[in-house]
Amino acid sequence: MEARPVRHSRCVMTEMVIPNDLNGLGNLLGGRLLHWMDLCAAISAQRHTNRVCVTAAVDFVEFRSPIRQGEIVVLESQVNRAFRTSMEVEVNVWAENPLTQTRRFCNRAFYTFVAVDETGRPVPIPPVQPETPEEQERYEQAARRRELRLLLSGRLPSEKARQLQASLTELAASASSSDEPNP
């Protein structure tokens with residue numbers, strides 16, 4: 001199967017926050033944002049595979065900044081790495097204030113999607129071909145996050161989590177050689 005570049009899977013969506021989208025504090029409901037993020041990620045997954053894809057997991061959701069009524073939500077996603085039948089899709093979210101023309105980073109999450117056939121069974125998918133240093137870094141980080149997901153779900157014995165062990169060893173070495181405490 002021929003590898004596909006990350007740019008092939010990119011998706012950018014925009015939504016406006018209206019009163020029906022708000023919680024009791026006047027901020028965008030977290031569930032509504034997760035719904036929009038899932039849609040954006042699904043488009044990226046389907047663009048990469050040319051198949052129907054289903055959400056298998058959502059990890060490392062970060063809610064950094066509330067999004068208010070009237071702001072424009074910009075969601076951007078891309079496939080970071082493809083495995084045999086699954087792939088990691090990163091979704092980043094910004095809020096734009098149309099009156100001040102300012103933009104701030106608000107949220108990030110990593111979705112795992114699985115490509116399926118007409119009967120709902122997983123099917124092999126094309127690999128990702130990173131083209132930039134940033135894409136290569138995301139590609140490598142995706143393998144570590146996958147190991148962590150598999151380890152935490154009990155589907156990977158701890159002795160087989162080689163990349164994760166190497167990352168932890170590297171982190172421990174850098175922490176012990178530094179005079180400053182870790183934040």
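A nonpolar core is here a set of buried Ala, Val, Leu, Ile, Met, Phe, Trp, Tyr and Cys residues joined through side-chain atoms within 4.5 Å. The views below show a predicted model.

**View 1. The largest nonpolar core and the elements that supply it.** This core has 33 residues, and those with the most contacts inside it are Leu33, Ile67, Val73, Leu75, Met87 and Phe113. Two or more residues each are given to the core by strand S2, helix H1 (30–49), strands S4 and S5, and strand S6 (102–116), with H1 providing the largest share, 7 residues. In soluble globular proteins, nonpolar side chains tend to be buried together.

**View 2. The surroundings of Ile67.** Leaving aside residues up to four places away in sequence, Ile67 touches a set of residues that includes Val17, Leu28, Leu33, Val73, Val93 and Cys106, and also Asn27, Arg104 and Asn107.

**View 3. Strand S4 between its pairing partners S2 and S5.** Strand S4 (residues 72–82) is mostly covered, with 9 of its 11 residues buried. S4 pairs in the antiparallel sense with strand S2 (residues 11–16) over 6 bridges, and in the antiparallel sense with strand S5 (residues 86–97) over 10 bridges; S4 and S5 form a hairpin with 3 residues between them. Ile72 of S4 stands opposite Met16, while the bridge partner of Ile72 in S5 is Glu96.

View 4. Val61, which lies in strand S3 (residues 52–63), counts as partly exposed because its relative accessible area is 33%.

Notes. Residues numbered from 1 in each chain as written. Predicted model: local features only at pLDDT ≥ 70, side-chain atom pairs only at ≥ 80, totals over all residues. Heavy atoms only, no water. Helix = DSSP H or I, 4+ residues; strand = E, 2+ residues; numbered from the N terminus. Buried < 20%, exposed > 50% of the residue type's maximum accessible area, 1.4 Å probe, protein only. Pairing = 2+ DSSP bridges. Contact = heavy atoms within 4.5 Å.
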